[in-house]
2 protein chains.
Amino acid sequence: MKVSELGEFGLIDLLVKMIADAQDSQPGYPPFLVGIGDDAAAWQGKNQTQLATVDSLIENIHFSLDTISWEELGWKSLAVNLSDIAAMGGVPEYALVSLGLPDETEVEDVSSLYRGMIELAKKFHVSLAGGDTCRSPAVMITVTVLGTGQDDLLRRSNARTGDTIAVTGHLGGAAAGLDMLTRKLNLAAEITASLREAFHKPFPRVAEGQLLVKHGISTAIDISDGFLADLRHICETSHVSARVDVDKLPVFPPVRQVYGDKAVEMALSGGEDYELLFTGDASDMAKIQAESSCPITVVGEITDGNPGEISLFDSNGNPVQIRQSGWEHFIKEQPDR
Amino acid sequence: MKVSELGEFGLIDLLVKMIADAQDSQPGYPPFLVGIGDDAAAWQGKNQTQLATVDSLIENIHFSLDTISWEELGWKSLAVNLSDIAAMGGVPEYALVSLGLPDETEVEDVSSLYRGMIELAKKFHVSLAGGDTCRSPAVMITVTVLGTGQDDLLRRSNARTGDTIAVTGHLGGAAAGLDMLTRKLNLAAEITASLREAFHKPFPRVAEGQLLVKHGISTAIDISDGFLADLRHICETSHVSARVDVDKLPVFPPVRQVYGDKAVEMALSGGEDYELLFTGDASDMAKIQAESSCPITVVGEITDGNPGEISLFDSNGNPVQIRQSGWEHFIKEQPDR
């Protein structure tokens, strides 16, 4: 069987099982607080909880140099990892970068890449701690971010029936940005800039992740695969189902403006928005809304049904069908992003 | 200017400067004990010294699937990182893996890759802490290893005039293995197995790194670029020069057997042996030799000359010339490995 037949999530399940068989209940291994399968790994260091996450961006798989600038690429390659630390409620501290570059890459472009990465690192006082530079047939950037967690970590597996579901910021901007750039849509300058930034310069919700922990939230994920796919990750690991009011989704206004009715689909399935999706008590949500400088929108609730099942409704309570549900690597038929 | 014109080390210098300009003497950044430019980054956590290192192996740049098995590839991709922790005298604890795979990759091959990685991880009780899996035009494995350091770390920059230079294990095996596999040499089965293992399954000198710290050694590097290139890294960062007796080099016996006089050149310039190269007091070397289960060979001394200059002599004290001096990414004219 080829990985394209098994799919990304099937492959991950297989590898997780292999590693668990080798390590679990074996003496001598340093223990985990959170192992494989959450946004970041976590373990107890001496007097502090350590967090670690890694993500790669590969040319013509995750980005195209025809549309993204090197500076944006530097920003994004760090942002997607900071977002994973945010989704644990942690504080990012150090980043390691492994850079694969074709021979003909311009040195000035590599400088721009680092300018973008440094620009974002500065906003969170993340120290770039070195890494590795080597030849590669395509541009490849792997960033590892290390941080510290609070006593309570945000997990994917803590959602309980009756929890309210909420998200930070707006959704669908990244999918619309990708569509606009791929199809070379000629939109108003302001909209072009907004969609481009949504796709290329996502702002990791580090402050919001810490705010969630402060207010007793224990379940969160960052939206990388898409709202629906990531909500399904929460529901599957928490063994619950969910009910979402699609009319409440905080669709990014320029997306609504350009795409009309299709905007909701982009918000549900688009992926790469890097907002936080979280669940918890309705009373905690109100406190978070009051204290957050970023919009926090309640969009549904956790229900007691088939694990991983998500039901969509409009504000009149009528069921809603959509076609696609998120992004998965190796699967050839992908959502209409 | 293209990266192939600037070269790997020139590019690293440029990026180090950019990062230093952005971060150094800026308030708010978490501090380093060791920043960019050593084998691993190090910083002070609460009550412990944290170590972190990352290295990528990319298909047809670092390895060919025509010659390496997936299991060997898994071993090697972890080994090169454990070796960096060893070169700091640290204890490796956790590994994160980012895996880029072409669609047509066989799932069984990915399992074999992990089998190889797990086999080595078990030897050092390193926990595989998850990572990232995605599509890629070529197989790409990036491993990050996190560990803890002792109070004293092995640095590249601590070599002093009068220090004795020593290495663990044997040299030249990896270069000979690459040559044998590339040229499809038909050698005796035992030699074939030895050279193949030297190249594909290097054994990281983790125990030896810790032993060096115990006996007061403060300068070490692991040999990845090649003995001469890595000794030059030590000499440049320590602002010293070195004198090496090539007749004392611990050339891997099968290499001497197959390559005769050329074996010494392979030991000097071959790279990827992942032995530790270190400097310190002659009296400490004797204690280390007595306690180490791995051969420790004294091969020269640190001298007070042009920083980075390395002079080679034979055991009669006559100067020796060799043609090449190590491996550097992006540079088209590479040593004759």
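Two residues are taken to be in contact if their C-beta atoms, placed from the backbone, lie within 7 Å. By that criterion, 69 residues of chain B are in contact with 69 residues of chain A. Helices (H or I, at least four residues) and strands (E, at least two) are DSSP runs, numbered from the N terminus. Elements giving two or more residues to the side of chain B that touches chain A include α1 (3-6), α2 (8-23) and α4 (107-123) of chain B. That side of chain B has 35 nonpolar, 23 polar and eleven charged residues; Ala, Val, Leu, Ile, Met, Phe, Trp, Tyr, Cys and Pro count as nonpolar, Asp, Glu, Lys and Arg as charged, and the others, Gly among them, as polar.

This is a predicted model, in which local features need pLDDT of at least 70, side-chain atom pairs count only at pLDDT 80 or more, and totals for chains, interfaces and linings use all residues. Residues are numbered from 1 along each chain as its sequence is written, while chains are lettered from A and ligands numbered from 1 in the order in which they are written.

| Helix | Residues | Reach, first to last C-alpha | Expected span |
|---|---|---|---|
| α4(A) | 17 residues | 25 Å | 24 Å |
| α3(A) | 17 residues | 24 Å | 24 Å |

A residue is buried if 20 or more other C-beta atoms, placed from the backbone, lie within 10 Å of its own. Because 17 of the 17 residues of α3(A) are buried, α3(A) is largely enclosed by the rest of the structure. In α4(A), the buried residues include A:V110, A:L113 and A:Y114. Their cover includes α3 (70-86) of chain A and also α1 and α2 of chain B. Just after α4(A), A:H125 takes a positive phi of about 50°.

Terms used
The expected span of a helix is 1.5 Å times one less than its number of residues. A residue is buried if 20 or more other C-beta atoms lie within 10 Å of its own, exposed if 12 or fewer, and partly exposed in between; C-beta atoms are placed from the backbone.
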